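Thanks for coming. I will take a few minutes to walk through one structure, so please have the sequence and the 3D view ready.

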Amino acid sequence: MKIVRSTRVAAFGLVVALLVALCLGTLYKLQIIEGAAAYEASLNDNEEERTVTAARGNILDRYGRAMVTNRECYNLKINTTKLFADDVEDPNAVILEMVRIVEESGYEYIDDLPITEEPPYEYTEDMTALQSAMLAAYFKRQGLDDDTTAVELMSYFRTRYDIPNTATSEEMRAISSIRYALNVRYAINTDPYVFVEDASIDLISDLMGAVGNIIYVETSYIREYNTQSAAHILGYVGAITPEQAETLMRGDNSGYDLNDKVGQSGVELVFEEWLHGVNGRANVISTADGTITGTVYTKEPEPGNHVYLTIDLLLQESVERALELGIYELQIGRDEENRKHMENGEEPEEDVGGGAIVVVDVDTGEPLAIASYPTYNLTTLDEDYDDLLADESTPLVDRALTGLYAPGSTFKPLMAVAGLTEGLINTETQIVCNGVFTKYADQGYAPVCWIYSQTDGQFTHQSETVVEAIKDSCNIFFYTLADNMGITLMNEYAQGFGLGEHTGIELPESVGNMAKPETHNDVDGAGFTYGDTVQAGIGQSDSLFTPLQLAEYCAAIANGGTRHSAAILKSVRSFDYSTNLYLRENEVLSVVESEDYNYAAVQRGMYQFTHDPTGSSLDVYYAFNNYSYGGRSIGVAAKSGTAQLGEDRVNNGLFMLFAPFDDPEIAVAIVVEHARSGSALTSIAADVLDAYFSIQASAASSTAENESGLLR
């Protein structure tokens, strides 16, 4: 037994001795034989401080559906050490090869040089803050005069960067822009030049196959739009402008630098403070060939916060489709009519124009959908921008918030509230409609009622109460009321209902104008006359309002006179969704006080407009008299409007409604340019209601299923 144990001990000792010898041999190799080479390699390691881009906050709808998010992307940068190494015979040729591969792949390289692409060269007018700062720093570093022209600078580039005379102007411009972009980074404290943003794997493979490690890849973020709707609302981000830099970059701890992309329009702009994150910093260690061997964060990035809007994304998408389809169908009818006009040798009528729809919550004023047509695609905005700008249909204009339209007969419910409240009429008052308003006939002014005009004087509305006058949209009733009321009182009620006033929305909006002597467009030099007062009573004269204002006004009619703010920000949550940083509170902007029975009379008139076949439009009656969805009967109260634009012009059409009548949830305003009449928008209005109640029914069904599942 003792002999066996001695053998085992001896074997174990031998194994230990061999392991020790192996370790010593490896250490000798690393420290003595290869130590010098490792030390030399460490001297060639590069340590660079870089910005770590913070993710921008997401934009979501009221229910948390993502509208705008971030997508991780690959940005390509140029290893200047490799590009200008001794073994690279012609760096300019390498640059042109990279540009060729990029362009053939359908991409564009980032061009920071603020000079026009073709001779005669000039500085571009829309320089970003980064471009302006870089150009000034380059002039200073190279000892160039501040008044150096673009042509002189291009000539300087040709000499400085050894660009051969055989190079075309396009090749010289490409080489100059990239050499400048690489060179100027040494003159200004900013991140390395990004050659291509959001590159595909195929492009990365092609470039690296052609130029090797002259190109390296870094991850970043790019805005991703999860819907093709709401372009005017959401807006876009872009390079920080000089004006924005002056405001946003005040102080050392502003959280911004010149490389940042910031909001340029829409929600991206107005909620920039919430959405913008704070970039971090990191020391990146890489080998001479560009391989990253280590990253040490010196400051962690702080992502932006998430913004929730009052918008219902599903409703927004449905409303935009309804508007586009409705205008398309109206234009088909117009084309057919114009074909007949031309066959008869008559002049064709102007085409149907753009339009807008706004849907708001009656109880809170919150916008649920804000649609403008024509619109555009945010994903391709950069490449489409010049075409969009030149498009005569003005797709970049947000008609819902900045379009100004005469309200036409949609103004009559306001007049009714004002007349009833001020005691100028009561619910039993009757005004006789003889078809012509004759009070000022001896002075050459005798406007007519629409029914008298359309029937060549054969019919009038005879004697009408206020409810009947709203149902029939009788001009004579409201001419008379306006003449008795006067423009001052009319303005007080318009202000109370928010017409010609700011709505409270955070996005840019037009204020509009309620007709009055102070703002009168005195074309004929007659001043503001009785005729202007009378016309203002039916929504004409100088009155111009936005579709958003009309929707909020309709909501106030529905809820009994309370006008709420149209603020679109619902809430803000921290980047990890754990903390509510802001929560919208209901805000009342004004209240038009009147007895409940007065509002009930006006609401009843709007209800009869859709439910009485003797009203001003049978199309409206057929669409809404028995309106229901999913077996639920839904009363609809509405008022159409036809806004005259002048001789030889096709009238604008307007339509506003609230529903359900017995317990209003939403108010809707629709405007379509050159639609001819408000009743022509009936099918669009029905499509909007279908969309809303379909979404509500689906949500209720889902809730019921979830609750029953919990019970099980």
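Look for Met656 to begin with: across from it, in strand 23, stands Ala669. This is a predicted model, so please keep that in mind throughout. The two strands here are strand 22, residues 652–659, and strand 23, residues 666–672; they run antiparallel and are joined by seven bridges.

Now the sheet around them. Five strands make up an open sheet, in the order 12-11-23-22-21, with antiparallel pairing. Strand 12 and strand 21, the latter at 637–643, are at the edges with a single partner strand each, so one side of each has no neighbour in the sheet. On average, and ignoring direction, neighbouring strands of this sheet are turned by 5 degrees against each other.

Next, the helices. Helix 13 lies across strand 11 (355–361), strand 12 and strand 23, and its angle to strand 12 is about 35 degrees. Helix 23, residues 596–611, lies across strand 21 and strand 22, running at about 80 degrees to strand 21.

Last topic, cavities. How many cavities of 30 Å³ or more does the structure hold? There are three. The largest cavity has a volume of about 50 Å³. Helix 13 (313–343) and strand 12 (367–373) come up again here: together with helix 9 (231–234), each supplies at least two residues of the lining of that largest cavity. Among the lining residues are His232, Gln316, Glu320, Ser372 and Asp398. By class, the lining of the largest cavity has five nonpolar, four polar and two charged residues.

That is where I will stop.

How values were computed: Residues numbered from 1 in each chain as written. Predicted model: local features only at pLDDT ≥ 70, side-chain atom pairs only at ≥ 80, totals over all residues. Heavy atoms only, no water. 1 Å grid on protein atoms, 1.4 Å probe; cavity = no way out; pocket = protein on both sides within 12 Å on 5 of 7 lines; lining within 4 Å. Points joined across faces, edges and corners; volume = space filled by probe spheres on them. Helix = DSSP H or I, 4+ residues; strand = E, 2+ residues; numbered from the N terminus. Nonpolar A, V, L, I, M, F, W, Y, C, P; charged D, E, K, R; others polar. Pairing = 2+ DSSP bridges. Axes fitted to C-alpha atoms, helices over the stretch in contact; angles between N-to-C directions. Contact = heavy atoms within 4.5 Å.
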